[in-house]
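Hello,

Here is the structure we spoke about. My notes on it follow below.

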Amino acid sequence: MSLSQVDCLTSLPFGTWPVPFFINGMTGGSEKTKKINETLARAARATGIAIASGSQKAAIKDPTLRDTFRMLREVNPDGFIFANIGAELDEEAAKAAIDMLDADGLQIHLNAPQEVVMPEGDRDFSSWLKNIERITHSIDLPVVVKEVGFGMSRATFRKLMDAGVQIIDVAGRGGANFITIENQRRDRSRFDYLEDWGQSTVISMLEAQPYLDRATFFASGGVRHPLDILKGLALGARAIGISGTFLHTALTKGSEGLIALIEEWKQQMSQIMLLLGCRNLGELRRTDLIFSGAPEQWARLRGPRLEEMATRSQRNS
Ligand SMILES: Cc1cc2nc3c(=O)[nH]c(=O)nc-3n(C[C@H](O)[C@H](O)[C@H](O)COP(=O)(O)O)c2cc1C
């Protein structure tokens, strides 16, 4: 086959994206973060990829902060933008976050490990599932429930799907680590021993295997290059979110540097598809996958059957 036959567009419940990766939720709420949002939004517009806002909670409470988020839409009027709130907020807050950005979808983040390690963090998560259920049923746009870098397990997927959630971003361990970040703010009673908490992105996607027909999965957490993107897509994710790696480039090289990186990733992704002999993401999802190390050990205890994944091209081609 030839490179010209490769197409990486991804089908989602709400349409198709030409590029199967996006800038995941990060920031807003101060003058400095307004500038960062401007840089990220410029890159999203120039490259045509979707972008998610950081948590808009502060601006829902304090309208003077709205323009730090609004920047995402002003710079990128026609792009796909996710609004973002935490699961502690209700439908009214969800609608306010969406209106603030004229958003095309909503992310609801789950960050219990971060809250527990934050001295001033929340200790009561009992309203979260109810809020998620109400928001999912009252909003007509795609709703994604995501972690923030600790991954998810089957028990969580089942609860979310039962609550009506159709899109789940596993946001696994391996990249930005909020337990490490919050520990650095504590001078005593640190939770250093929790820094390995959670499921890696690969393990979270192994947990997702039985549910790939019931929900749409996004994968994120620790994605550093196009091969990581393809691994997530081969594991069944329909789109891949990138935060830390893009933020670093935005801060060090500005929007021009980030645009160049994203364009390079798009090209390299297609080139690796060519190496794999895959013309589209459906074919990539049927390539054989060989696991070793921690994911292999995990799957031996909880499934899926790795022998089947290692030979899946023979059954589904
Ligand atoms: C500086 C920073 C701020 C973040 N803020 C948010 C946020 O407000 N809302 C959210 O859902 N996730 C937030 N995240 C989490 C990311 O969306 C993502 O889940 C996590 O960083 C793992 O991806 P990564 O390894 O590509 O960074 C933030 C991440 C970073 C690095």
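Ring pairs join Phe14, Trp17, Phe22, Phe80, Phe82 and Phe218 into a cluster. Rings of Phe, Tyr and Trp (its six-membered ring) pair if their centres lie within 6.5 Å; planes under 30 degrees apart are stacked, over 60 edge-to-face, and the rest tilted.

This is a predicted model, in which local features need pLDDT of at least 70 and side-chain atom pairs count only at pLDDT 80 or more, while totals for chains, interfaces and linings use all residues. Residues are numbered from 1 along each chain as its sequence is written, and side-chain values use heavy atoms, with hydrogens and water left out.

The ring rule gives 16 aromatic pairs. Tryptophan 17 and phenylalanine 80 form an edge-to-face pair, because their ring centres are 5.2 Å apart and their planes stand at 70 degrees. Tryptophan 17 is in strand S2 (residues 15–17), and phenylalanine 80 is in the loop between helix H3 (66–75) and strand S5 (81–86), 63 residues apart. Helices (H or I, at least four residues) and strands (E, at least two) are DSSP runs, numbered from the N terminus.

Tryptophan 17 is buried at 7% relative accessibility, and phenylalanine 80 is buried at 18%. Buried means under 20% relative accessible area, exposed over 50%, and partly exposed in between (1.4 Å probe, protein chains only).

The rings of phenylalanine 22 and phenylalanine 218 have centres 5.5 Å apart and planes at 55 degrees, so this pair is tilted. Both phenylalanine 22 and phenylalanine 218 are buried.

Threonine 216 is in strand S9 (residues 216–220) and is buried, at 14% relative accessible area.

Regards
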